[in-house]
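Let's take a walk through this model, strand by strand. Have the viewer open and follow along.

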Amino acid sequence: MIEISIPGRGKLQCRYLVLDYNGTLAVDGRLIDGVGEALRRLSDMVEIHVLTADTFGKARSGLAGIDCRLSILPKDRQDTGKRDYITALGAEGCVCVGNGRNDRLMLKEASLGIAVIQAEGAAADTLLAADVVCSDIVSALELLSNPLRLVATLRS
């Protein structure tokens, strides 16, 4: 578990890291450089879940060797599917990372929502639903390994 005390916000107790695949962890179905290593480091601290429609059919092979649970969701109503998934886990214990419009509900519901802007860009609704916006996924994952960076960003 990752515990972070944020002045003016309280204590975050994050048990789960829930991530979108395409546009967040991968571009065109291929895992972004540095993501595998970052996820392996975090897997000792949190349970990792990856949610995707697997548009390119490469998620399972891209995540090979990474301790995570991959869930391939139906292509329709992904926004509510992702939200319902973290609600079942316990949204108060989730850090969620995404970029697409279908990620906005899970980012809003999560204890901590992080939006990333990369090659696919990011949906404006998703940026507004996030607590933090990062320029790339590796930086977003490093926030969890270096929680004082989150304190600096989120404190009142």
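Leu17 sits opposite Val95 in E8, and Tyr16 faces Cys94 in that strand too. Strands here are DSSP runs of E with at least two residues, numbered from the N terminus, and two of them pair if DSSP finds at least two bridges between them. This is a predicted model, where local features need pLDDT of at least 70, side-chain atom pairs count only at pLDDT 80 or more, and totals for chains, interfaces and linings use all residues. Residues are numbered from 1 along each chain as its sequence is written, and side-chain values use heavy atoms, with hydrogens and water left out.

E3 also pairs with E6, again parallel, over five bridges; there, Asp20 has Leu51 as its bridge partner. Five of the five residues in E3 are buried (under 20% relative accessible area, 1.4 Å probe, protein chains only). Tyr16, Val18 and Asp20 point one way, Leu17 and Leu19 the other. In general, side chains in a regular strand alternate between the two faces of the sheet.

Zoom out and you get an open, parallel sheet of six strands, ordered E7-E6-E3-E8-E9-E10. E7 (69–72) and E10 (132–134) are the edges; each has a single partner strand, so one side of each lacks a neighbour in the sheet.

Finally, look at Thr52 in E6 (residues 47–52). Thr52 is buried at 2% relative accessible area. Its contacts (heavy atoms within 4.5 Å) beyond four places in sequence include Tyr21, Leu70 and Gln78.

Technical notes. Helices (H or I, at least four residues) and strands (E, at least two) are DSSP runs, numbered from the N terminus. Buried means under 20% relative accessible area, exposed over 50%, partly exposed in between (1.4 Å probe, protein chains only).
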